[in-house]
Amino acid sequence: MSNKLFEDFDSVSAKQWKQKIQFDLKGADYNDTLIWKTNEGIDVKPFYHADNFESLNSISDTKSTQWKICQDIFVADVKKSNFKAIDIIERGVESIIFTIPSDTISIKDLIKDLNIENTLFYFELQFLSEEYINQIFTEIPKAIVFTDVIGQLTKSGNWFSNFNNDFSLFKSIAKKTSSFSIDSNLYQNAGANMVQQLAYSLAHANEYLNRLEQDEIDLSTLEITFKVSVGTNYFFEIAKLRALRQLCKALADAYELNLNCHIVAKPTKRNKTLYDYNTNMLRTTSECMSAILGGANTICNLAYDAIYHKSNEFGERISRNQLLILKHESYFNKVNNPTDGAYYIESITNQLSEKALELFKNIENNGGFLKQLKAGTIQRKIKESASMERKQFEKGEEILLGTNKHTNPNDIMKHELELYPFMKTNSRKTLIEPIIEQRLSEHLEQKRLKNEN
């Protein structure tokens, strides 16, 4: 069609829209009535317009048509895990995260009869062993191993062995594989806001790049895998993943690297609830949608009952089918970069990037990520953010349906618990204070459990 649609209509500027809105408010204050501020300090406006941009961001290089459906398997028994892997691949899974607790697990037996050409395999090791990682790459050259010694420190408060040994092995592994990973899940699950999640992930990665550069290791082609948790603030979570790629590119440019940013996304545990647990399915569906539209490479869903049930066929099938429906029935794999050019998302992306970059620079100016971890600064900032969010939850400003709003008083959960669903603390000696995951509704749920008959 050569004729432009609506060419007889004049365009309306942002100023004209605002004047019309102010007229319709009949004296009410525009800012107080229609603009709300997030915990990240971002003002959300009632409308966004092209006039607000000097230019839009360049076209994203991610491809939403290529995201993979993932499921994780904890390898307690090799034969059972192998059988399960074969089964879930037949049911539509395209990638698997194997969590390996011990170096006695045989990789060859674990992947027996699996199609290693068409399936992407990730390995989460609960130990650090260069020899074992070499075995993985011997069997599966295209595997991705999550190698994150700082992540071990932040989560447990201790290194695998000690600083020197851990970093020596890390550098050797990174040199051979041209890759490493960043566990960003912990920051969101512990209560960090989005700016903190982005800044800490970037500072976390920069610690590695600094040390690898000092050893003059060739990183001309490098892949960083970010494990990211996604919450239910739908558009902001889309923008968060987009901002992560922008920040990752800026970091790569600073080091003059050709960097591939690979994102593995999973729904957050932070907002999952024990009571009215079926609502968790709605939350995870929204979160997976954000991850897809935000450009995650791989999405591993969280079962609706994961916080209180052991791994079970029903919960895993539901979580897997959520992704299958999004991909094959809702067509979330048909359009590349569907959020490009959306003024609201572009604006949030830019603001998150700018604020995260400012916080990142502050961290670097004060000695870097490791120094601030050792000083307890990172932990304190996350606790402050988590405390603010919890107060909002207790006041009813942050809502979890079925838990602090529209609760069902007849909902009984005491006899359903197969796993302890609350934060655990073990007294032990640590080098630093670990960052602890805690769900938002834990305090309220503990009170309700005590009052059950």
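What does the accessible surface of the protein come to, and what share of it belongs to carbon and sulfur atoms? I looked this up with the Shrake-Rupley method and a 1.4 Å probe: about 23,000 Å², of which 48% belongs to carbon and sulfur atoms.

Basis. I am working on a predicted model, where local features need pLDDT of at least 70 and side-chain atom pairs count only at pLDDT 80 or more, while totals for chains, interfaces and linings use all residues. I number residues from 1 along each chain as its sequence is written, and side-chain values use heavy atoms, with hydrogens and water left out.

Overall fold. I find 16 helices and 10 strands, taken as DSSP runs (H or I, at least four residues, for helices; E, at least two, for strands) and numbered from the N terminus. The radius of gyration is 23 Å, close to the 22 Å of the globule rule for 453 residues, so the protein is as compact as a globular protein of that length. I took the radius over C-alpha atoms, the rule being 2.2 Å times the number of residues to the power 0.38.

Burial. I get 51% of the 453 residues as buried (under 20% relative accessible area; exposed is over 50%, partly exposed in between; 1.4 Å probe, protein chains only).

Helix α5. In residues 130-139 I note E130, Y132, I133 and I136 as buried. They cover an arc of only 160 degrees around the axis, which puts them on the same side of α5; the arc is that of the directions from the helix axis to the C-beta atoms. On the face turned away from that side I see exposed E131 and T138. The buried residues of α5 pack against elements including β4 (95-100) and α7 (163-177), with contact meaning heavy atoms within 4.5 Å.
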